[in-house]
Amino acid sequence: MDSRFMARALKLAVRAKGRTSPNPLVGAVIVKSGKKIAEGYHKKAGEKHAEIAALEKAGPQARGAEMYVTLEPCCHTGRTGPCTDAIIEAGIKKVFLAMRDPNPLVAGKGIARLKKAGIKVSEGVMREEAKEVNAAFAKFITGGLPYVTLKAACSLDGKIAAEGGESKWISNSHSRKLVHEMRSESDAILVGVNTLLRDNPRLNVRPVKKGVKQPIRVIVDTSLKSPPDARIFNSRGGGVIVATSRNASGKRAKALAKRGAEIIRLPERKGMVSLKALMKALAKRDIVTVLLEGGSTLYSEALSIGIVDRVAIFFAPLLIGGSDRFSIFRGKGVRILKKALKVDDITYRKLGDNLLIEGDVKQCLPE
């Protein structure tokens, strides 16, 4: 066993980040006599799985070879046939896999199928790295909820806008370029209506190029304040979903629907659209990853009910001061430190004069 080949398979898998939902990210490498003879990855939902792509490239050479794959091969028929059957038919003698598939339809059944056919299986090669790659898929397939990344840009004193409401641009051009990459890797972007009213954002991936994956834009708008002439309805990008209350104006809903928006009516929580209900609704639409981009009310509510999985906060070398009106997080907060949310596996990245801090939210407050 050589972990270099699994590392290569993982590198291949993440090439398709943001394009495989509701499927996982998977890469595969076929090795014979210690040398790589073929590789492949799942490029897009509905297209060939990684194992099939690699086997087709290997052809007859696959017989007697070994396969390194980042996730347990599927043994059920979905949009494509079972990968286990293709592996068996190709004559692969041993499969190294990083992790079991959390999908209940597979979950060990793929391994059992391979072993029954006489193929040796070795589990756990770079398991932790593979879990990180498919953390979003695991949450989605086992819990029926999207994986949420809270992204914010703020001053050193935690302000997302000046007292007059100006927020363009707190972050620099390097940070904004990275944000567009993050958008392209997400299934949906989520903002509150106040962010829409204040900034009139397009919320798409720019520059807009052929082949660039555009996320669905989601607006939390309890009272339907979104103006039909907002730029989000006039810009190229993914579709627009407006999440509103069950009692919101039917006339306003029709006006937004005419602009191409899908209107989702949901129950309220504390006078605002229930974010948990919204997450379930998005998951039913095969949205696996959500990039939460603002504003402070939405940030605070999302954290308080425990739906945030990861944070990505860009800090700019500014001190804005003033009231708490435009603080990154609002609300009551915690009274004692041991109740505070914990962020683990922190990484730091310098982007010009900006600093990006990322990490996983490990402890969630009860609703």
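**Leu 224**

I began at Leu 224, which counts as buried at 2% relative accessibility. The phi of Leu 224 is near 55°, a positive value in a residue other than glycine. I found Leu 224 in the loop between β8 and β9 (240-245). For element names I follow DSSP runs numbered from the N terminus: helices are H or I with at least four residues, strands are E with at least two.

**A note on the model**

I am working with a predicted model, in which local features need pLDDT of at least 70 and side-chain atom pairs count only at pLDDT 80 or more, while totals for chains, interfaces and linings use all residues. Residues are numbered from 1 along each chain as its sequence is written, and side-chain values use heavy atoms, with hydrogens and water left out.

**Met 126**

Next I looked up Met 126, which also has a positive phi, about 60°, although it is not a glycine. Met 126 sits in the loop between β5 and α5. With 23% relative accessibility, Met 126 counts as partly exposed.

**Cis peptide bonds**

Arg 206 and Pro 207 are joined by a cis peptide bond with omega about 0°, and Pro 207 belongs to the loop between α8 and β8.

**Salt bridges**

How many salt bridges does the structure hold? I read off 17, where a salt bridge is a side-chain nitrogen of Lys or Arg within 4 Å of a carboxyl oxygen of Asp or Glu. I followed a few of them in turn.

In the Glu 293 and Arg 183 salt bridge, the closest N and O atoms are 2.8 Å apart. Glu 293 is in strand β13 (residues 289-294) and Arg 183 in helix α7 (residues 173-184), so this pair ties together parts that are 110 residues apart in sequence. Are Glu 293 and Arg 183 buried or exposed? Both are buried.

Lys 213 and Asp 187 form another salt bridge, with the closest N and O atoms 3.5 Å apart. This pair links distant parts of the chain: Lys 213 is in the loop between α8 (193-199) and β8 (216-220), and Asp 187 is in the loop between α7 and β7 (188-192), 26 residues apart. Lys 213 counts as buried at 17% relative accessibility, and Asp 187 is buried with a relative accessible area of 8%.

Lys 131 and Glu 128 also meet through their side chains in a salt bridge, 4.0 Å from N to O. I noted that both lie in helix α5 (residues 127-133), three residues apart, about one turn of the helix. Lys 131 is partly exposed at 41% relative accessibility, whereas Glu 128 is exposed, with a relative accessible area of 54%.

I also jotted down a network of salt bridges that links Arg 8, Lys 36 and Glu 39.

**Helices α2 and α3**

Reminder to myself: two packed helices are described by the angle between their axes and the distance between the axes. The axes of α2 (residues 50-58) and α3 (residues 83-90) come within 9 Å and cross at roughly 25°. That makes α2 roughly parallel to α3. On this scale, angles under 35 degrees count as roughly parallel, over 145 as roughly antiparallel, 65 to 115 as roughly perpendicular, and the rest as oblique. The axes are lines fitted to C-alpha atoms, for helices over the stretch in contact, and angles run from 0 to 180 degrees between N-to-C directions. Which hand does the crossing of α2 and α3 have? It is left-handed: the near helix is turned anticlockwise from the far one by less than a right angle (clockwise would be right-handed).

**A nonpolar patch**

Val 343, Ile 346, Tyr 348 and Leu 355 make a nonpolar surface patch of about 350 Å². Patch residues have over 30% relative accessible area and no salt bridge; like charges are joined within 9 Å, and nonpolar side chains (Val, Leu, Ile, Met, Phe, Trp, Tyr) within 5 Å. The areas come from the Shrake-Rupley method with a 1.4 Å probe, and for residues only the protein chains shown count as cover. Strand β15 (residues 343-351) gives the largest share of the patch, three residues. Val 343 is found in β15 and counts as partly exposed at 34% relative accessibility.

**Gly 118**

My last stop was Gly 118, in the loop between α4 (109-116) and β5 (120-123). Gly 118 counts as exposed at 58% relative accessibility.

How values were computed:
Buried < 20%, exposed > 50% of the residue type's maximum accessible area, 1.4 Å probe, protein only.
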